[in-house]
Amino acid sequence: MNKQIITIVSLLTFSIGTTSLQAQSQPANSVSKYSYYDAFSPGFYSKNGTEIRSASGQPGAKYWQNKADYQLMAILDEKKNEVSGTEILTYTNNSPDKLSFLWMNVDQNLFKNDSRGELIVSVSGSRNGDKGQVFDGGHKIKFIKLISDQNGKFTERDLKFEIIDTRMQIFLPEELRPNGGKIKLKIDFSFISPNYGSDRMGVLETKNGKIFSVAQWYPRMCVYDDIKGWNSLPYLGAGEFYLEYGDFDVKITAPSNHIVVSSGELINSEQVYTAEQQKRWKLAAQSDKTVTIRSAEEVLKQDSRPAATGTLTWHFKIKNSRDVSWASSSSFVLDAAKINLPSGKKSLAISAYPSESAGQEAWGRSTEYTKSSIENYSKRWFEYPYPTAVNVATNAGGMEYPGIVFCDWKATGEDLWGVTDHEFGHTWFPMIVGSNERLFAWMDEGLNSFVNILSSYDFNNGEYKVNPRDMQRVGGFLTGTDLEPIMTAPDGMKEQNIGPLAYMKPSLGLKMLRDQVLGSERFDRALRIYVERWAFKHPTPDDFFRTIENVSGEDLNWFWRGWFVNNWKLDQGITKIKYLKNNPANGALVSIVNLEKMAMPVILEVKTKSGAVSRVKLPVEVWQRNIDWKFKLDTKEEIASITLDPDHVFPDVNPSNNVWENGKSELEKEPSLTAYVGKFSSKQIPIKITLTDEDGLLVGTPNNGQGALNFESAGKDKFVSVRAGVELQFNESKSEFTANMGGQSFLFTRN
C-alpha cells in the first residue's frame with residue numbers, strides 16, 4: 001500500500017471534513033455492466049464450518065454417514081424380460097438422530113405409465129423414460145419384513161410401507177437408535193425391464209440373443225445426511241443418483257447359456273465357466289495384452305458353456321460400494337487383461353460384447369481402452385478400488401456403475417475410446433467421491449469431463465487427444481441468456497441445457513481455472529486432496545470449493561460466483577493507448593475495460609513495428625476495485641497491435657473490442673503540460689499545491705512535505721488521480737482549477 005497516497009488523501013479528507021473517499025476509477029465506457037463489488041464481495045459461503053464439515057473443506061472431526069449392506073438374489077426370466085429377487089438389507093444409522101421411518105428408491109417406477117417422470121416427457125420425446133413402450137413397468141413389492149434376532153432365533157415381521165412414485169417409505173415399529181443402531185429388512189421385489197430404460201439400462205436384441213443391462217433393479221436406500229436429512233427427491237429421469245455405501249453379496253440366476261458380468265468379484269468361477277475358460281482367465285490376470293476368454297466363433301458352440309440346459313447361479317461380491325449392476329447374455333464375446341495399480345495391486349479389465357461389435361476398429365480394443373483409463377486415473381487421482389472393471393456393449397449410450405459400465409454397442413474407434421474413458425472416469429466421480437447427482441450434476445459429470453480432457457492426452461501418446469477449445473467461440477453459447485446457472489438441479493434445467501451445464505461448461509471452467517489461474521501443479525494437487533478427503537463420503541459443492549481454495553491458497557469466490565453460481569458473461573476490451581510524451585521510445589499507457597459481469601485475468605500480446613512480439617499478464621485483482629485499468633507498457637518503438645486473449649482461453653463474448661491496431665484504433669495524444677505547471681493555493685482549505693511535469697505526468701505536491709499524487713490527462717483541461725479519486729478541472733486560461741473529491745469541489749488559483 002502506498003503510504004504517500006494515504007497521507008495526502010487523509011490530509012485532504014481531514015481538511016474538508018469528509019469521512020471517506022471512494023478510491024476507484026471511473027468507467028471508461030458508461031455502458032459497462034461490471035460491478036467489482038458483486039464479483040468480489042465477501043460472504044460467498046453462507047455457513048461457517050462445523051464439527052461435521054470443516055471450513056477448510058474436509059470432513060470434520062464428527063463427520064458421519066449411514067451404511068447400507070445388501071444381500072441380493074435375482075432370477076432373470078429371459079422370455080418375459082423379468083427380474084425377480086429378494087433383498088436382505090442391513091441398514092446402520094450412524095447419525096445422531098432417531099429414525100422412525102426409512103426412505104428407499106424404487107427407481108423402476110419411473111417406467112410406470114402414470115409416473116411423474118413419464119408425465120413430464122415432452123411430446124417431442126426425451127432421453128428420459130422408456131420411449132413410449134407399452135408394458136407393465138415398475139417395481140412390484142410383494143412384502144417387506146423386519147428380521148429380528150431374539151436369542152439366536154430369527155423372526156420375521158411384516159412392516160407397513162407406502163410407495164409414492166419412485167420412493168418407498170417404510171414405517172418402523174420402533175425408532176432406530178442413533179450412533180450405530182442397526183436394522184435388517186427382507187424385501188421381495190420384481191419388475192419387467194424396459195427395452196430402453198432412460199438410456200441407463202435396457203434389453204438389446206442381437207443375432208445371438210438378448211443383452212440384458214440391468215440397473216436400478218433393487219430397492220435402494222435413500223441417503224440420510226447432515227445437509228437435508230432424508231434425500232428423497234423423485235427419480236424423474238434427468239437427475240441421477242445419491243446412494244449410501246456398503247458391502248454387496250449378489251447371486252444372479254440366469255439361463256445356463258448366458259454369461260453374466262457384474263460389479264465386483266466373481267466368487268464361483270469354476271461353476272459357471274468351462275475348464276478352458278478358467279485357464280484363459282488366469283492367463284488374462286497376468287497379461288498386459290488382451291486375452292480372449294470366449295471368441296466370436298465360440299459363442300454358438302455348446303462347449304463354450306459348462307451346462308447346456310437349465311440355469312446357472314453367478315455369485316459376486318463387492319465391498320464399500322454405493323451400488324451394483326450387471327449384464328447377462330448368451331451372445332457375449334469376452335476378453336480381459338490385467339490392470340496395474342500404483343500400489344502394486346492388480347485389477348482386471350473385462351469386455352463383454354456381441355459378435356456384431358467385434359473387430360479391432362470397434363470393441364476389440366475395448367479392454368485396451370478400459371485398462372488404460374483405469375491405470376491413468378489411478379495414477380493421477382486415486383487408486384481404483386474394485387477387483388474388476390467391466391465394459392459391456394448395450395443399447396445404453398453410456399452409463400456408469402461401480403466396477404461396470406454400459407456403452408453403445410455400435411461405438412467404434414475414437415467414439416468407443418471416448419465413451420469408455422468417460423464412463424470409467426465416473427469411478428472417481430461419483431462412485432468414489434459420492435456427491436449428490438440428483439441435485440448437482442456438475443459435481444460428477446463436470447469433474448469427470450474435465451479429467452477426461454487430460455486423459456485424452458495421456459492415452460497412447462495422444463491418439464485421441466482433445467483439441468483445446470476456442471473459449472471465445474463458445475463463450476457466448478456457454479453464458480447465453482437461455483441457460484440456467486450450473487448450480488441448477490438437472491431436473492430444473494431445460495433438457496437441451498443439461499449437456500452444456502452438467503458437462504461442458506463446468507469442465508471447461510475447471511480447465512480454465514487450472515491453466516489460467518492456478519497452474520496445473522497447484523490445481524492437480526488440490527483436486528487429488530479433494531478426492532482423498534471425500535473418498536467414499538458425501539461432499540457438497542461448498543466442500544469442493546473450500547478444498548480447492550484452502551489447498552491452493554487462493555480466494556476463488558469471484559470464479560465460483562461468476563461461472564458456477566451465476567450465468568455471467570465476460571467482455572474485456574482495449575479502449576486506447578497513449579505514448580508517454582507522445583514518443584513511443586518512452587513507453588505507452590494501455591487502457592482496458594471490463595464491460596460485463598464476470599472477472600478474469602488479463603493476457604495481452606503486443607506486436608511492435610519491427611515485428612517483435614511480447615506478452616503481458618495481469619492478475620484478476622486488477623478488477624477487484626476497478627471497472628477500467630491503465631498500465632504502462634515498456635516499449636522502445638511504435639506499437640503495431642495489441643491483442644487481448646490472443647490464445648482464446650477466456651470466454652469473451654465480444655472479441656471485436658479485443659484488438660488495438662495502429663492507424664485504426666484510438667491513439668490518445670498527450671497534451672503539453674507547460675500551461676498547467678505552477679503553484680496553486682485555495683481559500684477554502686489550508687493547502688498549497690505545486691504542479692510539475694515529470695515524464696509526461698502532471699505531479700501535484702503539497703506544501704507540507706508530504707508525498708505527491710500523479711495525475712493523468714482525462715480530457716480537455718482535465719486530469720485525474722485514479723488511485724486517489726481526485727479530479728482537477730482547469731479553466732480555459734489555466735489560471736485556476738477545481739479539485740473534485742469525495743463529492744465536494746474546491747477552487748485553487750495560481751499564485
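In what order do the 8 strands of the open sheet with mixed pairing stand? The order is β5-β4-β8-β2-β1-β15-β19-β17, where strands are DSSP runs of E with at least two residues, helices are runs of H or I with at least four, and both are numbered from the N terminus. Two strands are taken to pair if DSSP finds at least two bridges between them. This is a predicted model, in which local features need pLDDT of at least 70 and side-chain atom pairs count only at pLDDT 80 or more, while totals for chains, interfaces and linings use all residues. Residues are numbered from 1 along each chain as its sequence is written, and side-chain values use heavy atoms, with hydrogens and water left out.

The edges of this sheet are β5 (153-158) and β17 (265-266), each of which pairs on one side only. Within the sheet, strand β1 (residues 67-77) and strand β2 (residues 82-93) are joined in the antiparallel sense over 11 bridges, and in this pairing Ala 68 stands opposite Tyr 91 of β2.

Taken as a whole, the chain holds 14 helices and 41 strands, and its C-alpha trace spans about 110 × 60 × 50 Å along the principal axes. Of its 751 residues, 58% are buried, meaning under 20% relative accessible area with a 1.4 Å probe and protein chains only, as against exposed at over 50% and partly exposed in between. Among the contacts (heavy atoms within 4.5 Å) with a separation of 6 or more, 70% are between residues 24 or more positions apart.

A second open sheet, of 4 strands and again with mixed pairing, has the order β30-β27-β26-β33. Its edges are β30 (628-633) and β33 (667-668), each with a single partner strand, so one side of each has no neighbour in the sheet. Strand β27 (residues 588-594) runs antiparallel to β30 and is joined to it by 6 bridges, with Lys 630 in β30 as the bridge partner of Ser 591.

The domain assignment, which is automatic or taken from a database, gives domain 1 (64-244), domain 2 (572-661) and domain 3 (678-750). The centres of domain 2 and domain 3, taken over C-alpha atoms, are 28 Å apart, and 4 residues of domain 2 are in contact with 5 residues of domain 3. About 420 Å² is buried between these two domains, 48% of it from carbon and sulfur atoms, where buried area is the accessible area (1.4 Å probe) that two parts lose on being put together, summed over both. On the domain 2 side, Lys 578, Lys 581 and Lys 630 lose the most area to domain 3, together 67% of what that side buries.

Aromatic side chains give another view of the fold. Rings of Phe, Tyr and Trp (its six-membered ring) pair if their centres lie within 6.5 Å, and planes under 30 degrees apart count as stacked, over 60 as edge-to-face and the rest as tilted; by this rule there are 50 aromatic pairs. In one of them, the rings of Trp 217 and Trp 326 have centres 5.8 Å apart and planes at 90°, so the pair is edge-to-face. This pair links distant parts of the chain, 109 residues apart, with Trp 217 in the loop between β11 (209-214) and β12 (220-221) and Trp 326 in strand β20 (residues 326-329). Both Trp 217 and Trp 326 are buried.
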